[in-house]
Amino acid sequence: MSAIDCLAEGRRVVIRAYTPADAEEFTTRARESRGVHSPWLFPPEDPRAYATYAGRLIDDPTKAGFLVCERERERERERERDGEREREPDRDRDREAGGSGAGGGIAGFININNIVRGGFCCGALGYGAFAHAVGRGLMSEGLALVLRYAFGPLGLHRLEANIQPGNKGSLALVRRAGFRLEGFSPDFLFIDGAWRDHERWAITAEMQVGQVIGS
């Protein structure tokens, strides 16, 4: 796989940056996943909204965006781009419909926002799984890759995740990754028409190293 595209690779997934070419698949997956995401998050569902959303993650130095993609599909994507294999008609029809095949393509996304350097060296984590990937462990693997990248090449020391108490899936994800609960923030973020309470979870580079050693 192209070193430019792949930022880190695990057993089943890779993480890579957003690109304009991902608009169709990302927005289709977002529309398919409304029942999973609502009322917790609202990723872009049309190409214009995606262009604005992805553009900020690509261009803003206080943000870093990662797509969690299934590894085999990414390899096929690179071979197709490089002209090493003929496109398969069934998959072509899938992509023309806005998908990438059941169990393939973009599994979810993990973004680091509000990156502050200097003595803080911290960022705020946001993420979402698409419906076809829920319950398969792909986001756990993807988050582990993002943590290693954030505490390695990005040079961060701490990541925070603010999560609504009722969002059981998101809470389970950060627990598995080794985040610790640090507090509770009433009326923390304005989401879906109201100010929502959030739990504050965080992990540091030292904690992440400990997780790897203990695994």
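A residue is termed buried when its relative accessible area is under 20%, exposed when over 50%, and partly exposed in between (1.4 Å probe, protein chains only). By this criterion Ser-170 is buried, at 13% relative accessibility. The model is predicted: local features need pLDDT of at least 70 and side-chain atom pairs count only at pLDDT 80 or more, whereas totals for chains, interfaces and linings use all residues. Residues are numbered from 1 along each chain as its sequence is written, and side-chain values use heavy atoms, with hydrogens and water left out.

Ser-170 lies in helix H7 (residues 168-177); helices (H or I, at least four residues) and strands (E, at least two) are DSSP runs numbered from the N terminus. With residues up to four places away in sequence not counted, Ser-170 touches Tyr-127 and Ile-163, contact meaning heavy atoms within 4.5 Å. The C-alpha atoms of Ser-170 and Gly-126 are 9.6 Å apart in space, and the two residues are 44 apart in sequence.

Gly-126 and Tyr-127 also belong to the lining of the largest pocket, where they are among the residues nearest its centre, together with Leu-41, Asn-113 and Leu-189. A pocket is an open set of points on a 1 Å grid over the protein atoms alone, with protein on both sides within 12 Å along at least five of seven lines, in contrast to a cavity, where a 1.4 Å probe fits but cannot get out; lining residues have an atom within 4 Å of a point. The volume of the largest pocket is about 900 Å³, and its lining comprises 30 residues. These divide into 17 nonpolar, 9 polar and 4 charged. At least two lining residues come from each of helix H3 (47-59) and strands E4 (106-116), E5 (122-129), E6 (158-163) and E7 (180-191).

Strand E2 (residues 13-16) directs Val-13 and Ile-15 one way and Val-14 and Arg-16 the other way, and all are buried. E2 pairs in the antiparallel sense with strand E1 (residues 6-9) over 3 bridges, pairing requiring at least two DSSP bridges between the strands. A hairpin of 3 residues joins E1 to E2, and Glu-9 has Val-14 as its bridge partner. E2 is also antiparallel to strand E3 (residues 64-70), over 4 bridges, with Arg-16 partnered by Leu-67.

The structure holds 0 disulfides, a disulfide being a pair of cysteine sulfur atoms within 2.5 Å. Cys-69 is buried at 0% relative accessibility, and Cys-122 is buried at 2%.

Terms used:
Grid points are joined across faces, edges and corners, and a volume is the space filled by probe spheres set on the points. Ala, Val, Leu, Ile, Met, Phe, Trp, Tyr, Cys and Pro count as nonpolar, Asp, Glu, Lys and Arg as charged, and the others, Gly among them, as polar.
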